[in-house]
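Dear colleague,

I am passing on the structure we spoke about, and my notes follow it. Please read them with the model open beside you.

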Amino acid sequence: MKAVQYRTVGGHPEVVTVPDPEPGPGQVLLKVTAAGACHSDIAVMSWPADRLPFPLPLTLGHEGVGTIAALGAGVTGFTEGESVAVYGPWGCGSCAKCAEGKENYCLRARELGIAPPGLGAPGAMAEYLLVDDPRHMVPLGDLDPVRAVPLTDAGLTPYHAIKSALPKLVPGSTAVVIGAGGLGHVAVQLLRAMTAARVIALDISEEKLELARAVGAHEAVRSDGSAAGKVRELTGGLGAQAVFDFVGAPPTTALAGQLVAVEGDVSVVGLGGGTLAVGFGVLPYDVRVSSPYWGSRSELIEVLDLARAGAIDVHVETYGIDEAPLAYERLHAGRIDGRAVILPNG
């Protein structure tokens with residue numbers, strides 16, 4: 001089968017031919033309908049060899065949906081031909097966090113060598129994907145697979161971050177979204193659907209700011225040297241009760257610290273290598289800073305339900321599997337508005 005792989009440190013994604021996988025006991029083989037290309041893939045491909053936590057080559061794609069091609073021995077509850085979304089942050093299934101459905105925070109994954117597809121295990125950017133356990137699949141029902149596939153990360157990750165800030169996003173509050181790309185434009189929609197907060201989107205790209213406006217941002221502000229002052233002006237000098245940084249680079253984490261209000265939340269979601277110091281007098285009083293990771297299995301179900309209700313709609317650009325390297329080039333150059341989706345069998 002064809003697969004998109006990251007093969008050598010510092011290299012570029014390549015389309016290669018690899019053996020078709022076969023499901024063992026308890027596993028499920030999917031014929032991949034769609035796979036998302038994510039900025040975190042680019043971050044991983046920029047790491048030096050001593051930072052890579054898994055061996056190469058690696059088939060990319062941690063966002064995946066597909067139809068069930070074959071069920072391994074002992075698998076029940078699903079049927080061949082069924083359309084499913086893949087829950088990406090695989091865990092052990094038995095530790096305290098996994099028992100809560102929070103496999104994204106599995107306490108034993110590293111110890112047991114368990115990794116997400118596309119981030120250690122072979123990913124979805126291939127004609128077929130082997131899913132390690134049926135609990136890592138959620139039925140898609142009548143959702144469009146191409147528009148639904150980004151919800152497994154670009155929807156789930158901001159949803160998880162926003163849920164923790166909900167008590168602060170009351171009427172009269174403000175939420176700031178830094179980075180209005182793949183995750184950020186979904187975050188704007190989630191904030192509008194889940195809260196009464198005013199939503200301010202920040203980005204360096206006018207095209208992405210226009211997208212943020214189109215999906216519901218109340219204000220769209222260019223992320224430059226004047227951004228902090230503009231947000232403070234818009235909030236009457238108070239700042240934002242919640243700031244979600246989907247870039248995570250040093251300039252944006254610093255900006256997040258300038259925007260947050262007393263008792264506000266800062267969520268650093270992006271993998272840009274930035275940090276935010278915490279200490280008395282460094283930030284406004286009682287600010288909480290977090291670095292959330294993906295989301296729980298139950299939260300993925302909730303995100304898909306929001307999509308069924310029409311509350312969120314991901315803007316996508318589609319590419320055939322042979323065009324995947326081009327999609328990553330465009331993503332790296334900031335030329336994708338929304339999410340790039342690869343169609344391995346399209």
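**A helix pair and a pocket**

In this predicted model, Pro 158, Tyr 159, Ile 162 and Lys 163 of helix 5 are in contact with Ala 187, Leu 190, Leu 191 and Met 194 of helix 6. Sorted by class, the residues in this contact between helix 5 and helix 6 comprise 7 nonpolar and 1 charged, with no polar ones.

As for the geometry of the pair, helix 5 covers residues 156-165 and helix 6 covers residues 184-194, and the two pack with their axes 9 Å apart, at an angle of about 40°. The crossing in which helix 5 passes helix 6 is right-handed.

The other feature to look at is the second largest pocket, which holds about 240 Å³ of space. Its lining is made up of Gly 11, His 12, Pro 13, Ile 42, Met 45, Ser 46, Pro 325, Tyr 328, Glu 329 and His 332, and by class these are 5 nonpolar, 4 polar and 1 charged residues.

Which helices supply at least two residues each to the lining of the second largest pocket? They are helix 1, spanning 39-45, and helix 11, spanning 324-332, and of the contributors it is helix 11 that gives the most, with 4 residues.

With best wishes

Terms used:
Residues are numbered from 1 along each chain as its sequence is written. This is a predicted model: local features need pLDDT of at least 70, side-chain atom pairs count only at pLDDT 80 or more; totals for chains, interfaces and linings use all residues. Side-chain values use heavy atoms; hydrogens and water are left out. On a 1 Å grid over the protein atoms alone, a cavity is a set of points where a 1.4 Å probe fits but cannot get out, and a pocket is an open set with protein on both sides within 12 Å along at least five of seven lines; lining residues have an atom within 4 Å of a point. Grid points are joined across faces, edges and corners, and a volume is the space filled by probe spheres set on the points. Ala, Val, Leu, Ile, Met, Phe, Trp, Tyr, Cys and Pro count as nonpolar, Asp, Glu, Lys and Arg as charged, and the others, Gly among them, as polar. Axes are lines fitted to C-alpha atoms, for helices over the stretch in contact, and angles run from 0 to 180 degrees between N-to-C directions. A crossing is left-handed if the near helix is turned anticlockwise from the far one by less than a right angle, and right-handed if clockwise. Contact means heavy atoms within 4.5 Å.
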